[in-house]
Amino acid sequence: MLGPRPTVAGPADTNPVPLTAPGATRAMEAVLDRVLEARLRQARDTDTVFAREMADRVTGFVRRGGKRLRTAFVWCGWRAAGGSGDAGAVLRTGAALELLQACALVHDDVMDGSPLRRGAPAMHVDFARGHTAGRTGGAAGSFGTSAAVLAGDLALAWADDLVTETALSSPHGARLYDEWRAMRTEMVAGQYRDLRAQVSGSSGAEEALTIAVLKSARYTVARPLTLGASLAGADARTLGALRAAGRCAGLAFQLRDDLLGAFGDPASTGKPADEDLRSRKLTLLLAAAVRLAEATGDQDAAAVLAPDAGARPGHTVERMRTALERTGARAEVETRIADLAAAGLRHFGATGAAPGVRREFAALVRRASGVAPHHAEELV
């Protein structure tokens, strides 16, 4: 049986909020809002122009939301490791992850040249439009790119400040900061490998897997789980099980994102549906399609998916989608998502987490991967 649920003061510090994973996410929003207000006050004290044009934009971007999955995974890791009582450090860690995510998305959009994010103009586009509207000198695009890089840096600084403050006030602060430091390095490594793969025109499955693990699986699920567990003083066995669970669930999440990048509805994803295909972004989906095309002798699909296909007459995103379908890559990826999601649940169960926490984790995996894991009812 799951014992009494820990509580944390609500936004008004009067009504206790039960901390299920969704409850933790809601409580984190209140913490994040307070953090952003404090950072805005500091920005205004520093410089009013900077505050109005930069800090306000970063704050608005963070508040526009996102899936907020990472906080829920932090909570699951904390509870799986026996965390209870005051959840303040868990909520602050979740808020720091949201700030770090803002940095990652802003910089990612600059590198990919993405026009949209979360259903609105990407940060560099918004800065460029403001530059044009202000009729100031210089190239609007160059200004927008430079300003967006600084905006991402600001979000990263805020995230680091918050984690440092949390670590200094936690009995397990050194372990928390070790996990955080490793995660930041993995993020940069994954982003660089992604950038490098695009310019080299790689189709390798191993390279696609390396990028997916570094850039998404660890950052989205595995590290949030171990960040939470570190706050509860987790032992090596629990951390190992959480890392394995996070890797599997995180890869399932990335594979779903690959499918959405190729076939998704922009109204739901908040970004163009054909962006990954137009740029021939190396994904596990693309790598699978190239492998299957070569194995079956489908020369038309291989040609459409080749690195130089975009330079040929008649090349269209629609032909790439058709190739992804015809080779069986889309179906293969769907099957792999379900298998990975189920494996993630099995590994999480090895932590010895209470049934209620395991059900919460299963619900998160279902939300992240878009599928109900095979035999999930046996695992919770």
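Helix H5 (residues 123-133) packs against helix H6 (residues 140-168) at an angle of about 130 degrees, the axes being 7 Å apart. The model is predicted, so that local features require pLDDT of at least 70 and side-chain atom pairs count only at pLDDT 80 or more, whereas totals for chains, interfaces and linings use all residues. Residues are numbered from 1 along each chain as its sequence is written, and side-chain values use heavy atoms, with hydrogens and water left out.

Helices are DSSP runs (H or I, at least four residues) numbered from the N terminus; axes are lines fitted to C-alpha atoms over the stretch in contact, and angles run from 0 to 180 degrees between N-to-C directions. The crossing of H5 with H6 is right-handed (the near helix is turned clockwise from the far one by less than a right angle; anticlockwise is left-handed). To the contact (heavy atoms within 4.5 Å), H5 contributes Met123, His124, Phe127, Ala128, His131 and Thr132, and H6 contributes Ala140, Gly141, Phe143, Gly144, Thr145, Ala147, Ala148 and Ala151. These comprise eight nonpolar, six polar and no charged residues, where Ala, Val, Leu, Ile, Met, Phe, Trp, Tyr, Cys and Pro count as nonpolar, Asp, Glu, Lys and Arg as charged, and the others, Gly among them, as polar.

Leu69, Ala72, Phe73, Trp75, Cys76, Arg79 and Ala80 of H3 meet Val357, Glu360, Phe361, Leu364, Arg367 and Ala368 of H16. By class, this contact has 10 nonpolar, no polar and three charged residues.

The largest pocket holds about 1200 Å³ of space. On a 1 Å grid over the protein atoms alone, a pocket is an open set of points with protein on both sides within 12 Å along at least five of seven lines, a cavity is a set where a 1.4 Å probe fits but cannot get out, and lining residues have an atom within 4 Å of a point. Points are joined across faces, edges and corners, and a volume is the space filled by probe spheres set on them. The pocket lining consists of 49 residues, with Arg70, Gln101, Leu105, Asp108 and Arg117 nearest the centre. H4 supplies the largest share, 11 residues. The lining comprises 18 nonpolar, 12 polar and 19 charged residues.

One cavity of 30 Å³ or more is present, and the largest cavity has a volume of about 80 Å³. Its lining includes Asp258, Asp276, Arg280, Lys281 and Met320. H9 gives the most to this lining, with three residues.

How values were computed: Helix = DSSP H or I, 4+ residues; strand = E, 2+ residues; numbered from the N terminus.
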